[in-house]
Amino acid sequence: MLELANSEPVERLDASDLSASDPTASDAAEIDPSHMTPSAPRVGLIRRGFRGVGWLIWTAFRIASLIVLLAILAAIPIFQLVTFGYLLDVSGRLARGGRFRDALPSLDAAGKIGLAGCGLFLAALPVQLLVHWESVAQLIQPGSAQAVTMRILAIGAAIAGTVYLLWVWVRGGQLRHYLWPQPIRFLRQGWRPSTYREMPDKLWETTVSLELPRLFWLGVRGAIGTLVWLAPAMIIIAANRNGETGLAGLVGGLSLLALGVVLLYLPMLQTHFAAENRLSALFELRKVRRLYRRAPWAWLLAMISGLVILPLPLYLLKIEATPQEVVWLPTLVFVAFILPARIAEGLAIRRANRLPDPTSWWAFFSRWIVRFLMVGVVAIYLTFVTLSQFTSWDGLQTWVQQHAVLIPIPFLGGT
């Protein structure tokens, strides 16, 4: 060690010294180092195709799970405002310039909840089958050995299914965890209580990621502001409650015209409110009119989707009330139709925010063409709403149960 410390420093050799001592060294020095690093293996076309198909299936499953969860919440009083807040939030995210793949918040959490629901359903099937067989054996011969055996097997299947699902959820609840239980790891860790110690924290984190309080507060403010704009609809209800004509009919007609003017802007006002997250934004009519001037055709397409194509067929489901136990089933259809309408409205505002104020003659011409077409769109919508008061189970209340601009539910309550 002392000799190495006292030795002369070693001189560095450059490429010229190497080339003088070794003729082949110059060629080695000229080699590009980038060519010497191993290249990453290319993914084959077939493998990429399978990955793409798998991604599409998983995305479709997550969206379906999200729609089911929103439909269940929409069928529960008070929690209906969470669903309304979520739909507003979707349009608001897009209006703020968000990417389409980020427009559906809590999509991953909805996928996990959907997988958990499917897992519970599949785990319960053998238990229900064994319980059924036990009941049949009891009817044929009470207290028989077959009935006792079926009962023991049912209890064992319930315990096995519970342990399996707990083991899946403690590992993350992904699809691969359901398909492969990792038996060796389970034998090492599955019996230890410490393995399941973090499950309550993970469950709480998943619940928090859903942002239910924020969506509820957004839905409450959106509903209050929307009901203020729907004041003409309430006047229509009051004017037609007793079936009177004359002055009451005149008041109802004027209120119908006022409601038509409101509906020209209300869906976009709701989107603007969700983007700004301010209740006052729901009444910034001048700002929304300015956005309309920038992208009138995008506005028209969004309004056709949000007032005609998607919501009007849903009035057929309001002809007869649904039993309270399955009221979420028609609500499932309502959410599935209204969600794309909110996406279209958010995309229209996003496009308007990205464009400058127009000054060309074509922009002026387009605005007036779209204004005339928008009158037709609103007229079609109001015609269906007017007819629905005679066909809907809720009668005149349909004027304030407009699922196109409020909570996407067929009824305030089932039978």
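Analyst: Happy to! A crossing is called left-handed if the near helix is turned anticlockwise from the far one by less than a right angle, and right-handed if clockwise. Keep in mind that this is a predicted model.

User: Thanks. Which way does α5 pass α18, left-handed or right-handed?

Analyst: The crossing of α5 past α18 is right-handed. Residues 45-74 form α5 and residues 328-354 form α18, and their axes come within 8 Å, crossing at roughly 120 degrees. That angle makes α5 oblique to α18.

User: Which residues make the contact?

Analyst: On the α5 side, I67, V68, L70, A71, I72 and A74 take part, and α18 brings W328, T331, L332, V335, A336 and L339. By type, the residues of this contact are eleven nonpolar, one polar and no charged.

User: Zooming out, how many helices and strands does the chain have?

Analyst: There are 19 helices and zero strands. The chain has 415 residues, and 39% of them count as buried. Among contacts with a separation of 6 or more, 73% come from residues 24 or more positions apart.

User: What about the largest nonpolar core, how many residues has it got?

Analyst: It has 52 residues, and those with the most contacts inside it are L259, L263, M268, W299, L307 and Y381. Another core lies apart from it, with 21 residues, including L70, V82, V90 and A103.

User: Let's take M268. What does it touch?

Analyst: Leaving out residues up to four places away in sequence, M268 touches V288, W299, A302, M303, E345, A348 and I349.

User: Changing topic: where is S366, and is it buried or exposed?

Analyst: S366 sits in helix α19, residues 361-391. Its relative accessibility is 2%, so S366 counts as buried, the cut-off being under 20%. Not counting residues up to four places away in sequence, S366 touches P296 and W297.

User: And K112, which helix is that in?

Analyst: K112 is in α7, which covers residues 107-140. With a relative accessible area of 34%, K112 is partly exposed.

User: What does K112 touch beyond its sequence neighbours, up to four places away?

Analyst: K112 touches G172, G173 and Q174. Take G172: K112 and G172 are 60 residues apart in sequence, while their C-alpha atoms are 8.9 Å apart in space.

User: Great, that's what I needed. Thanks!

Conventions. Residues numbered from 1 in each chain as written. Predicted model: local features only at pLDDT ≥ 70, side-chain atom pairs only at ≥ 80, totals over all residues. Heavy atoms only, no water. Axes fitted to C-alpha atoms, helices over the stretch in contact; angles between N-to-C directions. Helix = DSSP H or I, 4+ residues; strand = E, 2+ residues; numbered from the N terminus. Parallel < 35°, antiparallel > 145°, perpendicular 65-115°, else oblique. Contact = heavy atoms within 4.5 Å. Nonpolar A, V, L, I, M, F, W, Y, C, P; charged D, E, K, R; others polar. Core = buried A, V, L, I, M, F, W, Y, C linked by side-chain atoms within 4.5 Å. Buried < 20%, exposed > 50% of the residue type's maximum accessible area, 1.4 Å probe, protein only.
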